[in-house]
Amino acid sequence: MDLQFANFFLNPFYITAVIGVSLASITGSVVSHLVRFTKTQFLAIESLHMILAAAATGYLMNLFINYLYPDITAYIIMILFMIMVSYMISRGYEENMSIATVAFLSAAIASLASYGLAIYSPIGPSIIYNILFGSPFFLRTTDLLVSIYMTIIVLGAVLILWKKILLLSFDPEYFEFLNGSRKTSLYRIIVYILIAVSGIYLTRIVGAVAAHILMIAPSMTPFIKKISVSKSTIIILLISLSSVTLSVIANLPFGGVLGIFALIFYVTPSMIRSVGRH
Amino acid sequence: MKAVEVKDLNVFIGEAHVLKDVSFELDHPSVLVIVGPNGAGKTTLLKTILGFIKRSSGIIKVFNTDPEKDPGRIRNLVSYMPQIHNIDPFIPLKVREIVSTPVFFGESDPDLVDKALQITGLEEYADRYFYELSGGLRQRVLVARALAKKADLLIFDEPLSMVDIGSREHIIDLLMNIVRKESISMIVASHDVSHCIKYDPYILLLNKTVIGFGKAREVFTLENLAKIYGAATLNGKIFFMGEEHGSSVR
Ligand SMILES: Nc1ncnc2c1ncn2[C@@H]1O[C@H](COP(=O)(O)OP(=O)(O)OP(=O)(O)O)[C@@H](O)[C@H]1O
Ligand SMILES: [Mg+2]
């Protein structure tokens, strides 16, 4: 029994998943605070369509043009989507309207590209399955390396921009007064791109569904008045790692288990004792 | 030298004609209080002077500079406090960090921050989070932030509307002191002129268009007050008719 127990936790698949999911949780936690402060929840949620479009198109193009890595194509498409959103905002459209418009477009691309994948590739359906639910237990070394780089890039960028993002979110008008409108929109685009790029990277590890939970839930932490990034990161780490373990034991998809755990932890307490804005 | 010159200014926001043929000039240094009901266009006028809102026609000069043409120079010369309602108080920033914003962006010196905290009576709150403060204290933080930036012209949009009456008078006294001592000009949009009056500022009565401009005794006539607050006068008495705000002058 003891040996079996040890075998389970030393299993390379399990260890891979633990590393991948930990990195994803840390990035997700930081991004979720970014999302919360900049009030871009709608963008974070709507990025599901964009991620599906970008990832599916990436794989589809890889079928025809071998040297185009699916991930790199996906990152480029995602950044293009964000530039489109920012462009619409700069033309005077409301932020949410701009996001919704790009989401329509990406929903169309997502369904066309997935359809193309299903038709042109024998493993098309399993690629789509992977995009949706991820494959944390089957990450290759390169995937893990890329995850480490991405975690460093996203965390580094957020760390450098943290104070500016807080000041921008606190009083956008005053920020614009001191920095001019061009610089202000540039910071907004950077925030969008950070959210978008993290979305793709999290999708690679845990799938699009769980990526959304990681990008939104951690900053919802209902027990902590002073919303501290480090505390909420520890909490989401514990939740994610329990979800990985339970998903192995119960043979359920990681995203589903994570979603239920996150719901229980983040949402139920606030339902019970109706917290205000905190 | 004029601090601000505005000539035949018209501003549309969408379809709405928000400012109509607004003209006035402000010598430097001097103090101007803009008075008008909700929706009169006070905020719009301030933002147009700052160059945030594009004008449809007319001329604006701030220290001889067109704010739409050279926003960088305006940023150097002006300090600004926006109306408090566009702020997200739950962003975890401490009072000192907020007041230091102009220093953080290289527009000011650190010693101005301490001075600003002192003037607004915020020294003991410097290390508290903004969201822990009451409405009036929050507003003082924004006043302090504006004071922490070097400027020849201070623009305040309803700076003290949530501050209690006692502190209001105290802060205005301190502001006027600075303005006079350092020869700064100041424009304040406000519903309450009572504490400024003793300093004899210029008054701009605004309700989409200029109802009156000048010193208080010339401007605060019964006729003008009636016009601006949507009332009628009869034999020296004033009658309020409960019209929708800001809609009485067409
Ligand atoms: N973004 C906007 N879109 C449409 N109308 C606007 C917008 N901003 C202002 N307005 C209109 O412009 C008019 C003037 O508004 P403004 O905020 O300048 O008034 P105000 O005098 O500052 O009022 P308050 O005392 O309430 O601050 C109002 O009628 C308002 O409805
Ligand atoms: Mg206003």
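Predicted model: local features only at pLDDT ≥ 70, side-chain atom pairs only at ≥ 80, totals over all residues.
**Entry 1: the sheet of chain B**

I began with strand 1 (residues 2-13) and strand 2 (residues 16-27) of chain B, which pair in the antiparallel sense over eight bridges; strands here are DSSP runs of E with at least two residues, helices are runs of H or I with at least four, and both are numbered from the N terminus. I count two strands as paired if DSSP finds at least two bridges between them. Residues are numbered from 1 along each chain as its sequence is written, chains are lettered from A and ligands numbered from 1 in the order in which they are written, and side-chain values use heavy atoms, with hydrogens and water left out.

I looked up the bridge partner of B:Val6 and found B:Phe24 in strand 2 of chain B. The two strands form a hairpin with two residues between them, and B:Gly14 in the turn has a positive phi of about 60°.

The three strands make an open, antiparallel sheet in the order 2-1-4, with strand 2 and strand 4 (57-62) as the edge strands, each pairing on one side only. Neighbouring strands of this sheet are turned by 20° against each other on average, direction ignored. Helix 1 of chain B lies across strand 1, strand 2 and strand 4, at about 65° to strand 2; such angles run from 0 to 180 degrees between N-to-C directions, with axes fitted as lines to C-alpha atoms, for helices over the stretch in contact.

**Entry 2: the magnesium ion**

Which residues coordinate the magnesium ion (ligand 2)? I found B:Thr43 (OG1) and B:Gln83 (OE1), at 1.9 to 2.3 Å. B:Thr43 lies in helix 1 (residues 42-50) and B:Gln83 in the loop between strand 5 (78-81) and helix 3 (95-99) of chain B, so the pair ties together parts that are 40 residues apart in sequence. Donors are N, O and S atoms within 2.8 Å of the metal (3.2 Å for Na, K and Ca), and water is not among the atoms, so sites may look incomplete.

I also checked accessibility, where buried means under 20% relative accessible area, exposed over 50% and partly exposed in between (1.4 Å probe, protein chains only). B:Thr43 is partly exposed at 22%, whereas B:Gln83 is buried at 16%.

**Entry 3: a residue of chain A that touches chain B**

I then turned to A:Asn179, which is found in helix 8 (residues 172-206) of chain A and is buried at 10% relative accessibility. Leaving aside residues up to four places away in sequence, A:Asn179 touches A:Thr184, B:Arg75 and B:Phe105, contact meaning heavy atoms within 4.5 Å.

**Entry 4: backbone exceptions**

Most residues other than glycine have a negative phi, and most peptide bonds are trans. I noted a cis peptide bond between B:His28 and B:Pro29, with omega about -5°; B:Pro29 lies in the loop between strand 2 and strand 3 (31-35) of chain B.

A:Lys39 has a positive phi of about 50° and sits in the loop between helix 2 (12-37) and helix 3 (41-64) of chain A, partly exposed at 40%.
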